Amino acid sequence: MQLSAETGAPVEVQWDSSSRSGGWRWHVIWGDGPTRDGMVALVDRLLPPASALDRDKLVYLRTIRRISVALAIVRNMRLGQPPLGEHHRGWALEDHLLEVPYPERGTDDDLQLAVELCRLSNFGDAQSIADLAAQHGIAGLRARLVPPDNVLPFRRSGPR
């Protein structure tokens, strides 16, 4: 199947046993990209009717990458909302993003800010990314990307 080419997101199909499958089954695994329903529809369209894979027994596992969480936080802040938007915890934002198609897509500017936010948070969990965003704000993140041109680096001279 050409799932990666169709979705623009890396997709793997693996024979595996997981807690969700209750035994050995084929797993369709991807990060960001289409929602679960979108992936199911795509597999239904691309999988030949005489395929050895049983559509009804496929297990779909989608993850939300940190960059998508950071991007959602940047969007919320641009709208004047708290970093987590209407959600009170980071995991709730991640759960919400599972229902959002292609949460990794954004403007170049928002993506730059999201990358900086991930870097500053050391790719922590959604809650730590949101806390850091609240601490720095959009202007603070932007300042870290482009240092002001009127500041000279401080250098000591002599022994330390």
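Colleague: Is strand S3 largely enclosed or open in this model, and why?

Modeller: In this predicted model, strand S3, which covers residues 59-63, is largely enclosed by the rest of the structure, because four of its five residues are buried.

Colleague: Which strand does S3 pair with, and in what sense?

Modeller: The partner is strand S2, made of residues 23-31, and the two strands pair in the parallel sense over five bridges.

Colleague: What do S2, helix H2 and S3 make together?

Modeller: Taken in that order, strand S2, helix H2 with residues 36-46, and strand S3 make a β-α-β unit, and the unit is right-handed.

Colleague: Where is Asp32, and is it buried or exposed?

Modeller: Asp32 is found in the loop between S2 and H2, and Asp32 is buried, because its relative accessible area is 0% and buried means under 20%.

Colleague: What about the phi of Asp32?

Modeller: The phi of Asp32 is near 60°, which is a positive value in a residue other than glycine.

Colleague: Where does Tyr102 lie, and what is its phi?

Modeller: Tyr102 lies in the loop between helix H4, residues 90-97, and helix H5, residues 108-120, and the phi of Tyr102 is near 50°, again a positive value in a residue other than glycine.

Colleague: Which other residues is Glu94 in contact with, and is Glu94 buried or exposed?

Modeller: Once the neighbours within four places in sequence are left aside, Glu94 is in contact with Ile64, Val69 and Ala126 as well as with Arg66. Glu94 counts as buried, because its relative accessible area is 19% and the cut-off for buried is under 20%.

Colleague: Last one, where is Gln2, and how far is its C-alpha atom from that of Leu42?

Modeller: Gln2 is found in the segment before helix H1, which covers residues 3-7, and although Gln2 and Leu42 are 40 residues apart along the chain, their C-alpha atoms are separated by 9.9 Å. Gln2 is partly exposed, with a relative accessible area of 46%.

Notes: Residues are numbered from 1 along each chain as its sequence is written. This is a predicted model: local features need pLDDT of at least 70, side-chain atom pairs count only at pLDDT 80 or more; totals for chains, interfaces and linings use all residues. Side-chain values use heavy atoms; hydrogens and water are left out. Buried means under 20% relative accessible area, exposed over 50%, partly exposed in between (1.4 Å probe, protein chains only). Two strands pair if DSSP finds at least two bridges between them. A crossover is right-handed if, with the strands pointing away from the viewer, the path from the first strand over the helix to the second runs clockwise. Contact means heavy atoms within 4.5 Å.
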